[in-house]
Amino acid sequence: MSKTIAVCNQKGGTGKTTSAVNISAYIALTGRKVLLIDLDPQANATSGLGVDRHSVEKSTYHILLEETEPLEIIKPTAIPNLFLAPANLDLTGAEVELVGALGREYRLKRALAKIQENFYYIFIDSPPSLSLLTINALCAATSIIIPVQCEYYALEGLSQLTNTIKLVQDNLNPNLSIEGVLLTMADFRTNLTKEVIEEVRNFFKEKVYQTIIPRNIRLTEAPSHGKPIVLYDSDSLGAQKYAELVGEILGDPEIKNQIGQLLKNQGQEVKDKSNEENYHNYK
Ligand code: ATP
Ligand code: MG
């Protein structure tokens with residue numbers, strides 16, 4: 001059965017988009033069909049997968065407004081099995097335009113119901129707010145991944161987020177659960193990072209992933225080349241850790257080695273597979 005996972009934290013810059021893009025890419029590489037939905041007007045997931053947001057005519061905005069069929073906005077990416085529902089700046093207006101609309105919290109859920117069966121996993125990259133867009137993500141999702149940056153005040157705002165999750169569970173989506181809490185941008189040279197890891201583990205207990213994403217310059221560089229880390233520098237520590245995390249998410253630690261082998265066997269082939277070819281496979 002397909003699973004829809006929202007990547008959420010109303011705090012800015014915690015690694016939501018980096019995680020959504022790279023988790024999606026690695027899961028797709030295991031042969032599972034994945035859709036990444038960009039629900040942030042900043043459209044960072046869109047550009048991070050090499051799609052120019054200015055060239056996007058139909059975006060997630062149009063599916064929220066029910067102006068287009070969801071399948072019509074979906075684009076193939078350079079990774080086989082990974083598809084993108086892009087965002088563009090139009091999305092900024094969605095919030096206002098949906099005020100007063102009937103069932104406005106469920107627009108995304110209703111759209112996804114039509115295409116859910118086509119995908120093994122659907123990930124939703126959410127904006128840094130607890131806005132109607134994020135509520136749409138939480139209503140459409142079966143679970144949520146919360147990226148938490150290892151920094152001062154890491155826990156600040158998390159109780160607000162957990163309260164919102166509770167409200168959504170009680171009133172809008174009783175099926176919503178926390179998939180996992182992901183520690184990001186860890187700098188193991190500092191005591192602060194170690195303290196934050198301990199604090200977050202005390203707060204979220206076993207929900208915290210064992211895999212911790214380190215601060216890694218290659219992860220910062222990859223989006224400016226429009227590539228997930230696996231196509232930019234699959235040997236980097238950041239890449240290895242996202243591959244390891246996917247093993248944890250899928251409950252199979254062997255996955256990391258399988259992906260390594262796959263990349264070795266297919267080499268450039270995976271890296272250079274053309275969009276047309278992927279599009280063909282998708283159709
Ligand atoms: P926003 O709230 O604005 O949507 P976000 O939560 O999606 O932000 P990202 O865009 O993923 O966060 O990351 C914020 C910045 O930190 C980006 O420039 C990104 O490239 C960088 N970054 C993310 N993860 C790492 C990492 N592990 N190491 C180094 N830089 C990182
Ligand atoms: Mg983001």
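Four bridges join strand 2 to strand 4, residues 82-85, and the two strands run parallel. I start there because strands of a sheet pair through backbone hydrogen bonds, either parallel or antiparallel. Before going on, a reminder that this is a predicted model.

Within that pairing, Ile-37 stands opposite Ala-85 in strand 4. Strand 2 also pairs with strand 5, through five bridges, and that pairing is parallel too. There, Asp-38 is opposite Asp-125 of strand 5.

How buried is strand 2? Of the five residues in strand 2, residues 34-38, five are buried, so the strand is largely enclosed by the rest of the structure. In a regular strand the side chains alternate between the two faces of the sheet. For strand 2, Val-34, Leu-36 and Asp-38 point one way, while Leu-35 and Ile-37 point the other way, and all are buried.

Seven strands make up an open sheet with mixed pairing, and the order is 3-4-2-5-1-6-7. At the edges stand strand 3, residues 75-76, and strand 7, residues 177-184; each has a single partner strand, so one side of each is left without a neighbour in the sheet.

Moving along that order, strand 5, residues 121-125, is joined to strand 1, residues 3-7, by five bridges, and these two run parallel. In this pair, Ile-5 has Phe-123 as its bridge partner in strand 5. Packed on the sheet is helix 7, residues 132-140, which touches strand 1, strand 5 and strand 6; the direction of helix 7 makes about 150° with that of strand 1.

Helix 7 is mostly covered, with eight of its nine residues buried. Among the buried ones are Leu-133, Ile-135, Ala-137 and Leu-138, and also the polar residues Thr-134 and Asn-136.

Next, the core. Which residues have the most contacts inside the largest nonpolar core? The core has 81 residues, and the answer is Tyr-26, Leu-36, Phe-123, Ile-124, Ala-137 and Leu-138. Helix 1 supplies the largest share of this core, eight residues.

Leaving out residues up to four places away in sequence, Phe-123 touches Ile-5, Val-7, Ala-20, Ile-23, Ser-24, Val-34, Leu-36 and Ile-37. Ile-5 in that list is the bridge partner already mentioned, and Val-34, Leu-36 and Ile-37 belong to strand 2.

On to strand 6, where Val-148 lies. Is Val-148 buried or exposed? Val-148 is buried, because 26 other C-beta atoms lie within 10 Å, and the cut-off for buried is 20 or more. Beyond its neighbours within four places in sequence, Val-148 is in contact with Asn-9, Thr-14, Ala-154, Val-181, Leu-182, Leu-183, Thr-184 and Val-200.

Last, the ligand. Ligand 1 has 20 residues around it, and those that come nearest are Gly-12, Lys-16, Thr-17, Thr-18 and Pro-128. By class, the shell has five nonpolar, twelve polar and three charged residues. Which helices each supply at least two residues of that shell? They are helix 1, residues 16-29, and helix 10, residues 217-221. Helix 1 gives the most, three residues.

Notes
Residues numbered from 1 in each chain as written. Chains lettered and ligands numbered in written order. Predicted model: local features only at pLDDT ≥ 70, side-chain atom pairs only at ≥ 80, totals over all residues. Near = placed C-beta within 6 Å. Pairing = 2+ DSSP bridges. Contact = placed C-beta atoms within 7 Å. Axes fitted to C-alpha atoms, helices over the stretch in contact; angles between N-to-C directions. Buried ≥ 20, exposed ≤ 12 C-beta atoms within 10 Å, placed from the backbone. Core = buried A, V, L, I, M, F, W, Y, C linked by C-beta atoms within 7 Å.
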